[in-house]
Amino acid sequence: MSLAFSSKVLSGRRATGRRRPGVLPGFGLGTGYAVFYLSLLVLIPLTTLPLKTLELGWGGFWSVVLDPRVVASYKLSFGAALAAAGVNAVFGLIVAWVLVRYTFPGRKLVDALIDLPFALPTAVAGIALTALYARNGWLGGPLETLFGLKVAFTPLGIVVALIFIGTPFVVRSVQPVLEDLEQEFEEAAASLGATRWATVRRVILPAIFPSLLTGFALAFARGVGEYGSVVFIAGNMPMISEITPLLILSRLEQYDYAGAAAIATVMLGLSFVLLLIINALQAWQGHDKRRSA
Amino acid sequence: MLSKKRSLFAALVAAIVLQAPSLAQAQTLLNVSYDPTRELYKALNQAFIVQHPAGNEQKLNIRQSHGGSGKQARSVIDGLDADVVTLALAYDIDAIAERGLLPKDWQTRLPHNSSPYTSTIVFLVRKGNPRQLRDWDDLVREDVEVITPNPKTSGGARWNYLAAWAYGLEKNGGDEEKAKDFVSRLFQRVPVLDTGARGSTTTFVERGVGDVLLAWENEAFLALKELGPDKFDIVVPSLSILAEPPVAVVDANVDKKGTRDLAQAYLEFLYTPEAQEIIARNHYRPADEEVAKRYASQFPNVKLVRIDDSIFGGWQQAQKRHFGDGGTFDQIYRPKGR
């Protein structure tokens, strides 16, 4: 009884008219379960965040989240995550392409390597990258003496860490779509007189674009929240290389739970809006394709 | 395959069930401590178990938990059932007391401000002291890089900061503005602010960043011991701070678990000559004067200010003034013109 009721409420549009059974059975049960599950695991924990900030009051909330140091950290966290996701989108696409379209010895090995950043504790990644890019590291030394480029303990180091952490997302999103893309399409395009670039631009890219966007969004979201690997390589200088999660942590160190929750709430809101935009872009792209087809 | 799994599961269940009675009889203590005390408490726990009547019958078990001092305090506040806490600074135990887990006057319950051992802040420099760093004054020179963790996230770093503040104050005849300026110039020489003391040690030692590391005396000795005295030297400044890492029984938890007597005995044991010897051997300054005399050569004589001195006025005041929101530390990094 209660199940039927909840499905009616949830299905919205359907509840108003006669209930037409869908093609697939189990809509009520499935949706009810999905909403319950998401509430338990995602929504309820996240609603406690804004609730915690209520202790601060309106003025207190704004003075915490608009502090110049905190604002600088938003710019850094979101900027570095966007830059890293962008780099990953370009090079992840190339990696996926190579893995799908060419056969070469050791391909399976390379394929397995892609997932390593998933499996590795992020602190280990951070320590390894810092050792590599520090002044006395294998890469850090030459980079600094030859190009005057400092990576470890600068914002650039943060981007490097986020690229590492985000690598698998783009590759793993694009790879299956590329695998499903028949090579015949490209041959057909070529036989119809398309140049190679036109084939890539008008046949391949539209097909994989939604998955590329998904990979980009995932890499970005992961980068925004990343803490473990970044703190080691960032240098953590206020106003320069201090990420937002670190500021949340330093609020907690002062037993300022409400302040920590306030910054977290802003981060949550910004992430949600950005992901919403990316999703909308994806929907628009899909719609566009369907219309032109 | 399935039956194999099932039998494994059965064996596990049996093991747990069979162990349960003996676990119930054994007494267990959980000591929640801060980062650099790992080696110290490993040695102390062994000694405590050996001398305790229950220890011989294998019925005594002491568990350790280590991490950043503030994080550890938060775990206890959030429900980690620590019998005793042994943290880096009184402020963190105060925070636990504020939540009612132990009385607010906890620090008066044991001798020496509840601190069975103390330490201080020293400089760890590269071998031969190539930059000729002798005192705090040298650290604000333009050619020097200083490594310290962030006082906002590290208990040890707060001692570093206050030691520098005390020096700046003394040098300028008590002028607070000049002390602030001195500390501000010092932090302008810091290229990396790690979140914890161990992180800073790694940055200085493994990454080769910086000319001087501000460190706990015991950490500096440990680095020297672990990495070889041929790589680093310890420099003792003219003035430093007496760091008192206090200990306390968490009343709410021991009353719930019925371990009050054992927890109390454990902390009192830390003050016995035997434990004090172990403390001195681990490079902490012992509270016991007799033991301290025997190890006097190990610990250089240095003028030490205390957190309860009038220049700081205790942890509550110092925390608010220096490390709270908009405190003197925040002001260092505030963009100019605000």
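The secondary structure of chain A amounts to 15 helices and zero strands, where helices (H or I, at least four residues) and strands (E, at least two) are DSSP runs numbered from the N terminus. The model is predicted: local features need pLDDT of at least 70, side-chain atom pairs count only at pLDDT 80 or more, and totals for chains, interfaces and linings use all residues. Residues are numbered from 1 along each chain as its sequence is written, while chains are lettered from A and ligands numbered from 1 in the order in which they are written.

Of the 293 residues in chain A, 32% are buried. A residue is classed as buried if 20 or more other C-beta atoms lie within 10 Å of its own, as exposed if 12 or fewer do, and as partly exposed in between, with C-beta atoms placed from the backbone. Two residues are taken to be in contact if their C-beta atoms, likewise placed from the backbone, lie within 7 Å. Among contacts in chain A between residues at least 6 apart in sequence, 78% join residues at least 24 apart.

Chain A is divided into domain 1 (1-57) and domain 2 (66-292), the bounds coming from an automatic or database domain assignment. Seven residues of domain 1 of chain A are in contact with seven residues of domain 2 of chain A. On the side of domain 1 of chain A that touches domain 2 of chain A, four residues are nonpolar, one is polar and two are charged. In this classification Ala, Val, Leu, Ile, Met, Phe, Trp, Tyr, Cys and Pro count as nonpolar, Asp, Glu, Lys and Arg as charged, and the others, Gly among them, as polar.

Helices α10 (residues 155-180) and α12 (residues 196-225) of chain A pack at an angle of about 160°, with their axes 8 Å apart. Axes are lines fitted to C-alpha atoms, for helices over the stretch in contact, and angles run from 0 to 180 degrees between N-to-C directions. α10(A) and α12(A) are therefore roughly antiparallel to each other; angles under 35 degrees count as roughly parallel, over 145 as roughly antiparallel, 65 to 115 as roughly perpendicular and the rest as oblique. The crossing of α10(A) and α12(A) is right-handed, a crossing being left-handed if the near helix is turned anticlockwise from the far one by less than a right angle, and right-handed if clockwise. Residues making this contact include Phe169(A), Val170(A) and Val174(A) of α10(A) and Leu212(A), Phe216(A) and Arg222(A) of α12(A). By class, the contact of α10(A) with α12(A) comprises 13 nonpolar, six polar and one charged residues.

Elsewhere in chain A, Leu113(A) belongs to helix α6 (residues 107-113). Leu113(A) is partly exposed, with 13 other C-beta atoms within 10 Å. Its C-alpha atom is separated by 15 Å from that of Ile163(A), 50 residues apart along the chain.

Between the chains, 19 residues of chain A are in contact with 18 residues of chain B. On the side of chain A that touches chain B, the elements giving two or more residues are α5 (68-101) and α14 (244-253) of chain A. The most is given by α14(A), with four residues. This side of chain A divides into ten nonpolar, six polar and three charged residues.

Chain B is divided into domain 1 (2-115 + 244-271) and domain 2 (119-243 + 301-333). The C-alpha centres of these two domains of chain B lie 31 Å apart. Contacts join 14 residues of domain 1 of chain B to 17 residues of domain 2 of chain B. On the side of domain 1 of chain B that touches domain 2 of chain B, α3 (69-77) and α4 (90-98) of chain B each supply at least two residues. The largest share, four residues, comes from α4(B). By class, this side of domain 1 of chain B has seven nonpolar, three polar and four charged residues.

The axes of helices α2 (residues 38-51) and α12 (residues 273-281) of chain B come within 10 Å and cross at roughly 160°. α2(B) and α12(B) are therefore roughly antiparallel to each other, and their crossing is right-handed. The contact is made by Leu40(B), Ala43(B), Leu44(B) and Ala47(B) of α2(B) and by Glu274(B), Ala275(B), Ile278(B) and Ile279(B) of α12(B). Seven of these residues are nonpolar, none is polar and one is charged.

Val32(B) lies in strand β1 (residues 27-33) of chain B and counts as buried, with 25 C-beta neighbours inside 10 Å. Leaving aside neighbours within four places in sequence, Val32(B) is in contact with Ser65(B), Gln72(B), Ser75(B), Val76(B), Leu80(B), Ala82(B) and Val85(B). The C-alpha atoms of Val32(B) and Val84(B), 52 residues apart along the chain, are separated by 6.4 Å.
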